[in-house]
Amino acid sequence: MITNKKIAFIGAGNMASSLITGMIADGYPAELIYAASPTRARLDVLAEKFAIHTTQDNHAAVAAADIIILAVKPQLMAAVCSHLAEQSSNYRGKLFVSVAAGVTVERLQSLLADNQPIVRSMPNTPALVQKGMTGLFPSPEVSDNDIKTIDQIMMAVGKTCWVDNEADLNTIIAATGSSPAYFFLFMEAMQDSIISMGFSKQQARELVQQAAAGSAELVIQNPHIDLATLRQNVTSKGGTTAEAIRTFEEHDLRGTVNTAMQAAVSRAEEMQKLF
Ligand SMILES: NC(=O)C1=CN([C@@H]2O[C@H](COP(=O)(O)OP(=O)(O)OC[C@H]3O[C@@H](n4cnc5c(N)ncnc54)[C@H](OP(=O)(O)O)[C@@H]3O)[C@@H](O)[C@H]2O)C=CC1
Ligand SMILES: O=C(O)[C@@H]1CCC=N1
C-alpha cells in the first residue's frame with residue numbers, strides 16, 4: 001500500500017470517518033491523515049481515537065496535504081470549494097478526490113481551477129469495516145500514477161470500480177453508495193416482523209444479522225453459482241420459503257427495487273443541476 005501521501009479530508013462526517021477508520025485499520029499512518037471540519041467536538045473524537053491531525057481551518061489542511069478528499073454534503077460543495085479557491089496556491093499541482101453525490105468534475109473544476117486534476121468517487125460506509133465498494137472516475141488531467149495511488153487507498157477500505165463514463169457513477173450511487181441503506185431497511189423490516197412474533201429486539205437482530213452475513217458470505221464464496229440458483233437452493237417445492245418468495249413476487253419486490261434504484265439515479269442527475 002502507498003503510505004507516503006499526506007491526505008486531508010475536508011469534512012469529517014460519516015463518510016470521512018468511515019474512510020479514515022478503514023484506512024487506519026489497514027495500516028495507513030495516522031500522522032499522514034488530516035481532517036478539517038467546523039465542529040471541534042467531531043474532530044476531537046477522531047483525534048482521540050486515531051491520533052490524526054485535525055483542524056477547523058480548511059486552508060491549513062489543504063496546505064499540509066498531497067491529496068485532498070472533499071467529503072462535505074453536496075449542497076455545501078460550492079461554498080467550500082469557492083473558499084478553498086481563495087488560496088488556490090495551496091493546492092496547485094495537488095490531487096482532489098470528491099466523494100460527493102451529484103457534483104460533476106466539470107462543476108468542481110469550475111469552482112477550484114480549470115484543468116485541476118480531480119477524481120470523482122462514490123464510496124460507501126462499509127469502508128468503516130474495510131468492506132467498502134468505491135466507484136471512481138478520473139478527470140483527464142489525473143496521471144496514471146495518481147490513479148494507482150487512489151486505487152490503493154480505496155482498496156485499503158474495500159474494492160474499487162473505475163468507470164470510463166462519468167454518468168456511470170450515478171448507477172454506482174444507486175448500486176453501492178446508497179444500497180447499504182436498502183439492506184438495512186430490509187433487515188429492519190425482518191427484525192420488526194420477528195419481534196411481532198414474540199422475540200426480543202436483541203434476539204431478532206441476532207437472527208437477522210447472522211442470516212444476512214451468512215447469505216452474503218455464500219454469495220461471495222460461490223461466484224460461479226448465480227443468485228437465482230442460490231435462492232432456489234433454499235426454496236423447497238411446497239415449502240415455507242416458496243410461500244415467502246411468492247408473497248414478495250406478488251407484491252412486485254423486483255419492480256419496487258428497480259423503481260427505487262432509478263429514483264436514486266434520477267436524484268443524482270437532479271443534484272448535478274442543483275449543486
Ligand atoms: N454517508 C454515506 O453513506 C455516503 C456519503 N457520500 C457523500 O459524502 C459526503 C458527506 O456525507 P456524510 O459524511 O454522510 O455527511 P455528514 O453530514 O456526516 O458529514 C459532513 C461533514 O462536513 C462537515 N462540514 C460542514 N461544513 C463544512 C465546511 N465549511 N468545511 C469543512 N467541513 C464542513 C461537517 O461538519 P459539522 O458536523 O461540523 O457540520 C461534517 O463533518 C456527501 O457529499 C455525500 O454525498 C458518499 C457515499 C456514501
Ligand atoms: O444519500 C446520499 O445522497 C449519499 C450518497 C450515497 C449515500 N449517501
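Biologist: How many residues of domain 1 are in contact with how many residues of domain 2?

Modeller: Seven residues of domain 1 are in contact with four of domain 2, where contact means C-beta atoms, placed from the backbone, within 7 Å. By class, the domain 1 side that touches domain 2 has three nonpolar, four polar and no charged residues. Here Ala, Val, Leu, Ile, Met, Phe, Trp, Tyr, Cys and Pro count as nonpolar, Asp, Glu, Lys and Arg as charged, and the others, Gly among them, as polar.

Biologist: What sort of model is it, and how is the numbering done?

Modeller: It's a predicted model: local features need pLDDT of at least 70, side-chain atom pairs count only at pLDDT 80 or more, and totals for chains, interfaces and linings use all residues. Residues are numbered from 1 along each chain as its sequence is written, while chains are lettered from A and ligands numbered from 1 in the order in which they are written.

Biologist: OK, where do the domains run?

Modeller: Domain 1 is 7-164 and domain 2 is 179-272, with bounds from an automatic or database domain assignment. Their C-alpha centres lie 32 Å apart.

Biologist: Switching to ligands, which residues are closest to ligand 1?

Modeller: Gly11, Gly13, Met15, Thr39 and Ala100 are the closest of the 27 residues that surround ligand 1; to count, a residue needs its C-beta atom, placed from the backbone, within 6 Å of the molecule. Helices H1 (14-25) and H4 (74-85) each supply at least two residues of that shell. Helices here are DSSP runs of H or I with at least four residues, strands are E runs of at least two, and both are numbered from the N terminus.

Biologist: How does the ligand 1 shell split by class?

Modeller: There are 16 nonpolar, nine polar and two charged residues around ligand 1.

Biologist: And which residues are around ligand 2?

Modeller: Ala101, Ile173, Gly177 and Ser178. That shell has two nonpolar, two polar and no charged residues.

Biologist: Which helix does Asn58 lie in, and what does UniProt call that position?

Modeller: Asn58 lies in helix H3 (residues 58-64). An unreviewed UniProt entry has it under "binding site"; such annotations may be inferred rather than shown by experiment.

Biologist: Is Asn58 buried or exposed?

Modeller: Asn58 is buried, because 23 other C-beta atoms lie within 10 Å. The cut-offs are 20 or more for buried, 12 or fewer for exposed and partly exposed in between, with C-beta atoms placed from the backbone. Leaving out residues up to four places away in sequence, Asn58 touches Ile10, Ala36, Val80, His83 and Leu84.

Biologist: What about Lys5, why is that partly exposed?

Modeller: Lys5 is partly exposed because it has 18 C-beta neighbours inside 10 Å. Lys5 sits in the segment before strand E1 (7-10). Its C-alpha is 6.7 Å from that of Leu32, 27 residues apart along the chain.

Biologist: Why is H7 largely enclosed?

Modeller: Helix H7 (residues 168-177) is largely enclosed by the rest of the structure because seven of its 10 residues are buried. Among them are Leu169, Ile172 and Ile173. The cover includes strands E6 (118-122), E7 (132-138) and E8 (158-162), plus helices H8 (179-196) and H12 (253-274).

Biologist: Last one: which residues touch the most other members of the largest nonpolar core?

Modeller: Ala8, Phe9, Ile69 and Leu70, out of 58 residues. A nonpolar core is a set of buried Ala, Val, Leu, Ile, Met, Phe, Trp, Tyr and Cys residues joined through C-beta atoms within 7 Å. H1 gives the largest share of this core, five residues.

Notes:
Contact = placed C-beta atoms within 7 Å.
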